[in-house]
Amino acid sequence: MSQTLRDARTYEEQRERFISPLNRPAFHLSARVGWMNDPNGFCYYQGKYHMFYQYYPYDSHWGPMHWGHAVSRDLLHWAYLPAVLAPDVSYDHAGCFSGSAVELPDGQHLLMYTGVSREMADNGALRDVQTQALAVGDGVNYRKYQHNPVLTSDDLPPGGSRVHFRDPKMWREADGSYRMVAVNLAEKGGGQVLLYRSEDGYHWAFVSVLAENRDRIGVMWECPDLFSLDGKDVLLASAQDMLPKGFEYHNGNGAFYLIGRVDHASGRFLEESDHAADYGIDFYAPQTVLTPDGRRVMIGWMQNWDTCNLHTPSTAWFGQMSLPRELHVKNGILYQTPLRELDALRRERVEHRDVTVENGEMTLPGVSGRTVDLEIALEAGDYARFAVWFAKNRDYHTGVSFRPHESVLKIDRKFSGSRRAIIHQRRAKVRHEHGRLKLRLILDRYSVEVFINDGEKVMSATLYTELNADEIAFFADGKATFSVTKYTLAD
Ligand code: FRU
């Protein structure tokens with residue numbers, strides 16, 4: 001093990017002790033110490049789920065990337081393990097970027113990640129070079145492969161950029177061979193997803209350009225994932241520098257999905273629909289896993305590149321993952337619902353049926369808290385706006401409000417305690433019948449995830465409101481009738 005990795009392991013173990021578990025999310029994975037971004041190597045390996053992540057332990061801002069590590073049996077309770085990768089060799093000295101994991105037939109765990117190094121360009125300036133590298137291990141310790149890097153600019157299609165070639169996501173096919181998708185910047189200036197193939201996990205060959213950005217959904221794409229679900233193929237990726245299109249792609253940088261079919265003869269993804277993967281503020285770089293019982297589950301980094309470097313004050317940890325979400329494809333939409341294991345955390349059920357709120361605000365007995373599962377069924381009615389406010393006290397509140405005449409659901413964290421001019425609001429178009437709408441809000445101390453109409457759309461946002469702001473209130477402009485079921489979610 002290199003001194004760089006040993007130092008990171010010592011540092012995280014010492015510093016973690018200064019962070020109280022009560023000042024972290026209860027059931028979302030957060031950085032052990034310092035900074036976290038993308039989920040990496042999300043997999044089920046030898047009886048446990050493993051989650052690695054982009055990690056810089058020494059600061060609450062991005063720095064030379066390591067891989068942090070945690071394991072879980074239910075995807076909700078996580079135990080930290082020592083960091084597994086540090087930028088400590090020539091081909092990754094500028095960072096160990098995002099990647100993935102598979103189990104080899106001999107039981108070893110294979111990681112593939114992007115090694116970033118620097119070279120002198122023709123104009124004398126230093127520029128990054130990205131290649132793909134392997135590490136092999138046992139679920140705790142990993143050795144970088146002696147023949148790294150295994151994919152370089154020699155393995156790109158003509159015109160592919162050696163500066164932007166990253167984020168390999170590999171999987172094993174039923175016949176025992178492996179496939180991998182990675183992103184690359186094409187000469188024409190747009191992102192593209194490349195498909196690779198391997199017989200043994202160590203030797204890889206380029207197959208095809210699977211999908212291209214074609215001047216829409218941002219410029220460069222990052223963190224691809226490809227899987228079959230409900231008779232379709234789904235290509236997930238995250239786009240940089242997006243232009244908004246209607247109510248889609250408002251986040252600057254954001255995760256999206258394409259639904260269609262991989263044409264194996266041409267190696268092309270034949271698209272049928274594309275949408276944002278989340279309509280809130282904080283969701284990027286998701287990865288999926290196939291659970292042993294056959295569910296496709298997705299976890300994203302619950303942050304936004306445009307706001308994550310403006311946080312203040314400096315904290316001992318920064319960055320958390322989203323809830324694990326079970327996925328389904330229906331009518332060209334990727335439905336997302338909270339992992340069903342979350343139901344086991346439900347305590348203290350409180351139900352209020354057919355409550356009417358009229359021209360003002362109300363609270364309901366037993367409905368408060370910051371680790372909460374809140375189901376709201378709104379009836380058809382005569383109201384201009386309905387809102388639910390949470391993480392609330394005299395000084396703070398965050399809210400979700402619905403205007404049926406515009407069919408718009410808005411999330412607003414302006415009064416959540418942020419002291420920065422970052423984005424605080426997002427709007428999503430939602431389907432409803434005369435104001436009838438279903439919402440499920442999951443609160444976990446420093447975040448809210450709003451599942452709309454059984455997962456047709458999701459809006460996620462982080463908030464950093466003091467934990468004693470734990471009131472929940474309902475509001476209507478007009479007269480709205482709704483039913484609420486609330487559970488406290490246990491640690
Ligand atoms: C996406 C990303 C990846 C890269 C990593 C670096 O959030 O930019 O493309 O591998 O973060 O930390």
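An oxygen atom of the ligand sits 3.0 Å from a side-chain N or O atom of W62, a polar contact (N or O atoms paired within 3.5 Å). This is a predicted model, where local features need pLDDT of at least 70, side-chain atom pairs count only at pLDDT 80 or more, and totals for chains, interfaces and linings use all residues. Residues are numbered from 1 along each chain as its sequence is written, and side-chain values use heavy atoms, with hydrogens and water left out.

**Nonpolar cores**
- The largest nonpolar core has 60 residues, and L409, V450, F474 and F482 have the most contacts inside it; such a core joins buried Ala, Val, Leu, Ile, Met, Phe, Trp, Tyr and Cys residues through side-chain atoms within 4.5 Å, buried being under 20% relative accessible area with a 1.4 Å probe, protein chains only.
- Domain 1 (3-338) and domain 2 (342-489) both contribute residues, so this core lies between them (bounds from an automatic or database domain assignment).
- Beyond its neighbours within four places in sequence, F474 is in contact with residues including V357, M362, F386 and F482 (heavy atoms within 4.5 Å).
- A second, separate core of 47 residues includes F42, M65, I442 and L489.

Terms used. Buried < 20%, exposed > 50% of the residue type's maximum accessible area, 1.4 Å probe, protein only. Polar contact = N/O pair within 3.5 Å; in protein donor to acceptor, adjacent residues only side chain to side chain.
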